Amino acid sequence: MTRILLAEGIAAPLLPQLVRIEVGKRLIAITDALDAAGLRVYLAHDLDTIARIKRDTGQILFQPFNPDFWPNVGGPHEVVVVMVERDGKVVACCATRRIELENSLYDNLVTRRLFYANPHVAGREGRCIVTAELAHQIEDCPIALSGCVWVDASVMQHRLVEPMMRIAHTWAISTWYVTWLIGFAEERVTRLLGFDAYGYDQAHRRVAMDFPALGINVDTFLLASTRRKARGLYLPSPDAIRDPSEEGQ
Amino acid sequence: MTVLASRFAAALRRRTYPNTGVRAKTLAHAAGVSIDTFDRYVAGSTRITAEAVFNLAAFFAKSGDHGFVGEVYGVEAPGVCGQLPAVNSNVTQLRPHADQIFWCDDAGNLHHAAHGSLEFIRRAVGETATERFAHRMLGWVSLTLRPDFTAELRYTEGQANQAAVSRACAFLIDEGRKTLRTVRRVVDCAGEWVAAVPASPGEAANALALSAKLPTPYLVVHQLGLEVANNVPEFRAILAESTDDPGSAWAASLRNMPGRASYLNVVGEDVTLPILAGQLGLPDDWAGKNIMAIPTLRFADMTRHWMQVARSGPVLRRVQAPIGNDQVDYLSLAMPDGPRGKNGGVVSATKVLKRERIAA
């Protein structure tokens, strides 16, 4: 597992200079606060990392993040895994993948191409029922799909979901050209965390996933946020940042 | 008593007898003030000069105490970069026998990282920040001055902050005038550190400025009207002699400016340099080579452009450029040798107006 400290791994090449500086200071404020609680934030850029964490904690791995189904996916241009460690042990994680959508999200869901690089292999049967209207509108564009959010019960009081998702989504919009940020969550999680913690601004009912071979049978909401909305949430407005060189003019 | 004065007084009291073995008289001498003034410093009842602070910082640093400036300016609080003291380059005299690390921040301030780079970044940015983070996300520029009068310059390509770059360029130029000989640029290109060939401080400053899309501090070119050439007797003579016979430009320049004219050959995009004037101080091994073999790419590109223009008729320009260890300010008269046209020879006669040492 190759992991790097957040401060070492982030570059935000898409951001204007003054915005990048402000974002950098915000991220360091987050990691400093976690550091004070003995928690360290790391990044990884491979699916094996998230698969290992899920396996070690006995959870089902969401198919788009399963390296068995996506053997060629990895690297900072495709995957970012945000991990929080305490005493060298991973206590929380989330992952985001950049996906180039061909056709609509609806089409990718019902044909299971969003879940498997090759859905026509034995053992990958299942079905996905999509009634979320937004899935038809998201089409032919790069998206950032987030998932695999997990926080260990021992660190629940630190409310790690929000900072982790903030880091993952900030990475996505500052490093990748993505048009939409999306995720899937069950109704209870959507109501509790979908907006404030996950940072999405839309929740659409519903995307039902039924994959018997993996033991997945869930009824989820499609959570989504446009790049513009995410930028407004995670990045400071360039207009609000005063260039020191312009002072006095 | 102001906060600064009280911090200054407390920092002095901690370092003065009976708390240490250092007497007030010694410190007054180190600060360059009278003992009465020093007593008023300790009492916090007089104005403090920056000179006194730095003199004392230098004095304490000699005995290994590098925390004086930090205590005076109250930089112990984490994440208060704005309160960090910006230093002048005289601090380079503090520890002449060790590497000295400087950081230029996004406010255009220069900071001396007396306790090491990472310690400074953690103090200035945050406990979890790293040097690479400061380079990449904040666009800061770091400089390490070595005792052998060389320096290492680190920044992230395309992401260096303009204020930091301006300050770093000024620092390089300033140090170049004093002792600095060569600067090695180590640039973060898409996550990899790439080291450039060591260059003079002026060339390093130019390259750094270009990466931040700033005007290069040293390379300035102005095209002048040909009437200005009449004010220079040598140029006037060359122009007069070559006007009637275009093929005599080279001969005219040899007669009027021997050793101060170069001959260039333009063939499409290729410009070769068969004969090189020694006056400018350009390396002899450039003779016979394509102009683009000049390591300073912008200088080469600019020269090529002007030579191509000169094939259409005489051109006069004023150039201020770093050549070797000098900043050279010169006039250059370029004119076609032979009939005008796209390809052919160009005679470039130069008259140096000013030459200034910019590197030790």
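In this predicted model, 19 residues of chain A are in contact with 16 residues of chain B. The size of an interface is often given as the accessible area lost when the parts come together. For chain A and chain B that buried area is about 1,600 Å², with 56% of it on carbon and sulfur atoms.

Polar links also cross between the chains. There are 11 residue pairs in polar contact across the interface of chain A and chain B, both residues of each pair being at pLDDT 80 or more. On the side of chain A that touches chain B, at least two residues each come from α1 (6–9) and α2 (17–36) of chain A. α2(A) gives the largest share of that side, 11 residues. By residue class, the side of chain A that touches chain B consists of 10 nonpolar, 4 polar and 5 charged residues. The rule finds 1 salt bridge across this interface. Its partners are Lys25(A) and Asp106(B), whose closest N and O atoms are 4.0 Å apart.

The largest pocket is the next feature to look at. It holds about 990 Å³ of space and has a lining of 35 residues. Nearest the centre of the pocket lie Val149(A), Phe184(A), Glu186(A), Val189(A) and Tyr198(A). Two or more lining residues are given by each of these elements of chain A: the strands β6 (142–151), β7 (180–186) and β9 (216–226), and the helices α6 (161–175) and α7 (187–193). β6(A) supplies the largest share of the lining, 6 residues. In composition, the lining of the largest pocket has 23 nonpolar, 7 polar and 5 charged residues.

How values were computed: Residues are numbered from 1 along each chain as its sequence is written. Chains are lettered from A and ligands numbered from 1 in the order in which they are written. This is a predicted model: local features need pLDDT of at least 70, side-chain atom pairs count only at pLDDT 80 or more; totals for chains, interfaces and linings use all residues. Side-chain values use heavy atoms; hydrogens and water are left out. On a 1 Å grid over the protein atoms alone, a cavity is a set of points where a 1.4 Å probe fits but cannot get out, and a pocket is an open set with protein on both sides within 12 Å along at least five of seven lines; lining residues have an atom within 4 Å of a point. Grid points are joined across faces, edges and corners, and a volume is the space filled by probe spheres set on the points. Helices (H or I, at least four residues) and strands (E, at least two) are DSSP runs, numbered from the N terminus. Ala, Val, Leu, Ile, Met, Phe, Trp, Tyr, Cys and Pro count as nonpolar, Asp, Glu, Lys and Arg as charged, and the others, Gly among them, as polar. Contact means heavy atoms within 4.5 Å. Buried area is the accessible area (1.4 Å probe) that two parts lose on being put together, summed over both. A salt bridge is a side-chain nitrogen of Lys or Arg within 4 Å of a carboxyl oxygen of Asp or Glu. A polar contact is a pair of N or O atoms within 3.5 Å; within protein, one must be able to donate a hydrogen and the other to accept it, and residues adjacent in sequence count only if both atoms are side-chain atoms.
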